[in-house]
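Here are my notes on the model, as numbered points you can check against the coordinates.

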Amino acid sequence: MSKHFSKISVVGLGYVGLPLSLQFARSGVSVLGLDLDPAKVDAINSGQSYLKHYSSESISEQVNAGRFEATTDPVRISEVEAILICVPTPLDEHREPDLSFVLDTAKSLAPCLSPGVLVTLESTTYPGTTEDELRQVLEDGSGMKAGVDFHLAYSPEREDPGREDASVKTIPKVVGGFTPNCGNLAQTLYGQALDNIHRVSSCRAAEATKLLENIFRSVNIALVNELKVVYEAMGIDVHEVISAAATKPFGFMPFRPGPGLGGHCIPIDPFYLTWKAREFGKHTRFIELAGEINTAMPDYVVAKVVDVLNDQGKAVNGSKILILGLAYKANVDDCRESPSFVLMENLVSKGARVEYNDSYVPVIPETREHAHLSGKQSVLIEDKYDLILLSTDHTEYRRFDFSNFNCPIVDTRDCIIQRPAKYFQA
Ligand SMILES: NC(=O)c1ccc[n+]([C@@H]2O[C@H](COP(=O)([O-])OP(=O)(O)OC[C@H]3O[C@@H](n4cnc5c(N)ncnc54)[C@H](O)[C@@H]3O)[C@@H](O)[C@H]2O)c1
């Protein structure tokens, strides 16, 4: 008889781990969520959501049904048949992969693994992480052998917070095992909760798949960002061009330019491959070039702001500027790596007095890179600024009537529909 998983643990209850936990719980699997952050654990156990795009009811429904519970105690993972690791994989201060969250998690879990348990890694990482680094730590700490005493697999997360046309359940899941049996078990596990499982031959192939997806986005976004600058110089609206090109029924996929890359994935993940490729004496020129173009976009936007203010007879120094949108993308509360921070800091460094509006981020949370901004609060949208700069295309800005505004508006996303007389794209 084929294996059936009745109790699993999801480790790391953030943007990836929480939705995944809920999906397994809705499918009838009992989920023990594990996180270092007691605030998240308490919130779950009392049926409260901490992610804006998930309701408290969606959590309390599973908690009250006895299918979802959270803990900070790693010893309790001895109760489960599978462990899904969803912890962060950032870059360190030298922009090199920081696997410390994954490896620290493995160290804390290893002594508590039960024989026969399946461990899958979901965090985005370079090929070899699961089979080499993660396996080593789990084997050393448990005294068991992967593929023999416990099972090991990699399955990348494709969560896209805020997306309404696809869900954790419907997005196909790529799965690769350390051994064929590990892969079979992982396929069975995910098949219990998700609609489509795509099996690949190894953990490495699954890790490389995730990186390809994110590198593809980074490179294509860089391409349209570059074209935006070139076409603007020629007096051509890049958004009109992209919409026209998108009518081609084959061989073209539209990407939209913006003020720079944001979020926890696209600005970071490609460099995991860049780093690993060096070990093989290979260079990732596309990745580096895309990174260069994308990180230069905030400078281009600021130059545009300087020009627009100058046309009004004003300097940046002393001007009051309102930034619309702090989240890194539309309709989410996630502002990690958001280009809005870079815009804000750049304008402040030139002497501007900068406020922001974002109903999804009413207060700037603690961040490592922008600690001095934490606690700053969102303000109302009013026609009292020297300039308004739209950075994030939240739907509410699309609906907002700016047509009577006197101050100039610079729109980096082709978002505003009811435009004021002094409207500029950047
Ligand atoms: N956010 C996304 O949209 C997205 C999409 C696809 C893939 N990913 C990848 O998924 C992974 C997780 O990303 P995320 O956005 O969910 O991160 P997150 O920061 O939202 O959540 C990570 C959670 O892990 C917890 N944690 C850290 N160390 C731990 C430990 N040792 N034990 C238990 N809990 C621990 C943190 O407290 C936090 O709650 C990353 O590798 C990311 O690249 C993210």
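1. Let's start at a loop. Ile236 sits between helix H7 (203-233) and helix H8 (238-245). Helices (H or I, at least four residues) and strands (E, at least two) are DSSP runs, numbered from the N terminus.

2. Before going on, the ground rules. Numbering runs from 1 along each chain as its sequence is written. This is a predicted model, with local features needing pLDDT of at least 70 and side-chain atom pairs counting only at pLDDT 80 or more, while totals for chains, interfaces and linings use all residues.

3. Back to Ile236: setting aside residues up to four places away in sequence, it touches Tyr231 and Val241, where contact means C-beta atoms, placed from the backbone, within 7 Å. Ala330 is 94 residues away from Ile236 in sequence, and their C-alpha atoms are 25 Å apart.

4. Asp149 is another loop residue, found between helix H5 (129-142) and strand E6 (151-154). Is Asp149 buried, exposed or partly exposed? It counts as partly exposed, because it has 15 C-beta neighbours inside 10 Å. Beyond four places in sequence, Asp149 is in contact with Pro115 and Met144. Val117 is 32 residues from Asp149 along the chain, with 8.1 Å between the C-alpha atoms.

5. Now the inside. The largest nonpolar core holds 58 residues, and Ile8, Ala82, Ile83, Leu84, Ile85 and Ala153 have the most contacts within it. By nonpolar core I mean a set of buried Ala, Val, Leu, Ile, Met, Phe, Trp, Tyr and Cys residues joined through C-beta atoms within 7 Å. Another core lies apart from that one; it has 40 residues, including Ile321, Leu347, Val361 and Ile388.

6. Have a look at strand E2 (residues 30-34). It is largely enclosed by the rest of the structure because 5 of its 5 residues are buried. Ser30, Leu32 and Leu34 cover one side, Val31 and Gly33 the other. As background, side chains in a regular strand alternate between the two faces of the sheet.

7. E2 has parallel partners. Strand E1 (residues 7-11) is joined to E2 by 5 bridges, with Val11 opposite Leu34. Strand E3 (residues 68-71) is joined to E2 by 4 bridges, and Ala70 is the bridge partner of Gly33. Pairing requires at least two DSSP bridges between the strands.

8. Finally, helix H9 (residues 270-279). Its buried residues are Pro270, Phe271, Tyr272, Leu273, Thr274 and Lys276, and they pack against H7 and helix H10 (285-311). After H9 comes Gly281, with a positive phi near 70 degrees.

Terms used. Buried ≥ 20, exposed ≤ 12 C-beta atoms within 10 Å, placed from the backbone. Contact = placed C-beta atoms within 7 Å.
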